[in-house]
Amino acid sequence: MTFPLFSSPHSSLELQLLSLLRTRINLSDKYRMSYENLKKGFDGEWKLFKLLEKGLYADCIPLFGLRFEFNQTEFQIDSLLIFQGKIYLFEVKNFGGDYYVKEDKWYTVASGIEIRNPLHQLKRCELLFRQFLQQLGYNIQIESYIVYVNSEFFLYQAPFNQSLVFPNQLMRFVKKLNNNTGKISRKHKNLANQLAQRHIPRSSHERLPEYTYENLEKGIVCNGCHEFLTNLNQTSLRCINCGNKELVDHAVIRSVKEFHTLFPDRRITTTAIHEWCKIIESKKTIRRILKKNFTLVGSNRNAHFVFK
């Protein structure tokens, strides 16, 4: 089975890259806003996940962060729960503030600007997903919901629509999910596996700034405040900005993963990682950490490391 990757929220590659780039280059306001929106959405998915983890005990398969293409149309599902006789599909919203509805149109109270009607988005996603399932040979009931997880969100003149779940309804909604008493079978696990296999890891709508190895600032970034680390001794690093401490080995391993995410085609070598980490003076230290935690491939000039 390949679906355990999707059994908890995972950040998209676009969010990972923007998160890594924002410290190493000066992102434009456009890309900073894109990062903030993606991060807020991901945090919302985690809020729902934690709520389900705590209160959901009915037998089901949870899947998070799936993206598919059907009839040359890409669509994304924040979360779904596969029960014995039904699939629950969730669109998670994590924004706060006041909104209102007028004649089937949604507006912000502060500015009066119209926003996209999320119920239209939900219906489109449900339709595509239903057709996608039928193509896979499954005819199963789907219930779709927009789940608002931010307690600071409020909707005036909210329509009477059972597809909307507001923050003060979340606990009752989880109790409703627990009314699904049937047991999942191998058929449901096979469906989850097929969905995981058909996931598209990169969106065609992905927008990233251009960057090169040369124009990125080198160094080890604090995993707490995301500032560059400067203070170190033989075994540990300390962030002078937030006080966070980290073992040198852990920081180097984390930096290797960041290097590989940003430059998947570049070889992981002692020299490359020594230059990337910058503040680790000894190449022997870098090589020791790489030999211990990665697999050495090749020899002499062709020697490099790969993930175990």
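Asn-94 is placed in the loop between strand E3 (86-93) and strand E4 (97-102), with helices (H or I, at least four residues) and strands (E, at least two) taken as DSSP runs numbered from the N terminus. With a relative accessibility of 9%, Asn-94 counts as buried; buried means under 20% relative accessible area, exposed over 50%, and partly exposed in between, with a 1.4 Å probe and protein chains only. When neighbours within four places in sequence are left aside, Asn-94 is in contact (heavy atoms within 4.5 Å) with Lys-40, Asp-43, Gly-44, Lys-47, Val-149 and Asn-150.

Helix H2 (residues 29-55) also packs against helix H1 (residues 13-24), at an angle of about 125 degrees and with the axes 10 Å apart. The axes are lines fitted to C-alpha atoms, for helices over the stretch in contact, and the angles run from 0 to 180 degrees between N-to-C directions. H1 and H2 are therefore oblique to each other, given that angles under 35 degrees count as roughly parallel, over 145 as roughly antiparallel, 65 to 115 as roughly perpendicular and the rest as oblique. The crossing of H1 past H2 is left-handed, a term used if the near helix is turned anticlockwise from the far one by less than a right angle, and right-handed if clockwise. On the H1 side Glu-14, Leu-15, Leu-18, Ser-19 and Arg-22 take part, and these meet Tyr-31, Arg-32, Ser-34, Tyr-35, Leu-38, Lys-39 and Phe-42 of H2. By class, this contact has 6 nonpolar, 2 polar and 4 charged residues, where Ala, Val, Leu, Ile, Met, Phe, Trp, Tyr, Cys and Pro count as nonpolar, Asp, Glu, Lys and Arg as charged, and the others, Gly among them, as polar.

H1 is also among the elements that cover the buried residues of helix H7, and these elements include helix H6 (248-262), helix H8 (283-293) and strand E14 (304-307). H7 (residues 270-277) is mostly covered, with 6 of its 8 residues buried, namely Thr-270, Ala-272, Ile-273, His-274, Trp-276 and Cys-277. Lys-278, which follows H7, has a positive phi near 70 degrees.

Positive phi values also occur in two loops between strands. Gln-72, in the loop between strand E1 (61-70) and strand E2 (73-82), has a phi near 60 degrees and, at 78% relative accessibility, counts as exposed. Gln-157, in the loop between strand E8 (153-156) and strand E9 (164-165), has a phi near 55 degrees and is likewise exposed, at 58% relative accessibility.

The chain as a whole comes to 8 helices and 14 strands, and 45% of its 308 residues count as buried. Residues 24 or more positions apart account for 62% of the contacts with a separation of 6 or more.

Residues are numbered from 1 along each chain as its sequence is written, and side-chain values use heavy atoms, with hydrogens and water left out. As the model is predicted, local features need pLDDT of at least 70 and side-chain atom pairs count only at pLDDT 80 or more, whereas totals for chains, interfaces and linings use all residues.
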